[in-house]
Amino acid sequence: MPVDQSLVGRTFPPTPRYEVTEEKVRDFVAATGGEYAGGPAPATFPIVLAFDAMNAFLEAERIDLFRIVHGEQRFAYERAVLPGDVLSATLTVATLRQIGGNDIIGTTSEISDVMGAVVCRTSATLVHRGAEA
């Protein structure tokens with residue numbers, strides 16, 4: 001069943017607050033094959049929060065993760081993510097179109113600090129594979 005077009009423009013509740021620590025950044029960098037010598041988190045680190053927001057969206061809409069193919073991810077920064085930051089992500093469904101029985105879902109997530117200042121914006125394209133015939 002296709003995803004409901006009325007989702008376009010809908011914003012989902014923010015994720016729980018996430019404290020960025022050097023240990024979490026080090027673990028992320030190690031998982032991606034690098035080494036962390038301190039300082040700002042790598043540019044892709046906000047995916048941790050964006051993925052939590054995406055999972056909450058999928059759960060709220062009862063969309064099966066196993067039917068999702070991640071098509072694209074972009075990041076736009078206001079400032080670097082630093083250890084000590086406490087952040088949350090708020091996802092909005094920006095676009096939705098159907099092609100060949102699949103839903104192409106465009107999302108944006110704002111990563112904000114506890115003061116509400118935007119640290120980073122992410123955008124993602126998710127392909128929701130239609131049910132098999």
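Is R79 buried, partly exposed or exposed? R79 is partly exposed, with a relative accessible area of 30%; buried denotes under 20% relative accessible area, exposed over 50%, and partly exposed the range in between (1.4 Å probe, protein chains only).

The model is predicted, so that local features need pLDDT of at least 70 and side-chain atom pairs count only at pLDDT 80 or more, whereas totals for chains, interfaces and linings use all residues. Residues are numbered from 1 along each chain as its sequence is written, and side-chain values use heavy atoms, with hydrogens and water left out.

**View 1. Salt bridge between D113 and R79.** A salt bridge is a side-chain nitrogen of Lys or Arg within 4 Å of a carboxyl oxygen of Asp or Glu. The closest N and O atoms of D113 and R79 are 3.7 Å apart. This pair links distant parts of the chain, with D113 in strand 4 (residues 102-113) and R79 in the loop between strand 2 and strand 3, 34 residues apart. Strands (E, at least two residues) and helices (H or I, at least four) are DSSP runs, numbered from the N terminus. D113 counts as buried, at 18% relative accessibility.

**View 2. Salt bridge between E78 and R121.** The N to O distance is 3.1 Å. E78 lies in the loop between strand 2 (68-77) and strand 3 (86-99), and R121 in strand 5 (residues 118-128), 43 residues apart. E78 is exposed at 54%, while R121 is partly exposed at 37%.

**View 3. Salt bridge between R26 and E22.** Their closest N and O atoms are 3.9 Å apart. Both residues lie in helix 1 (residues 22-31), four residues apart, about one turn of the helix.
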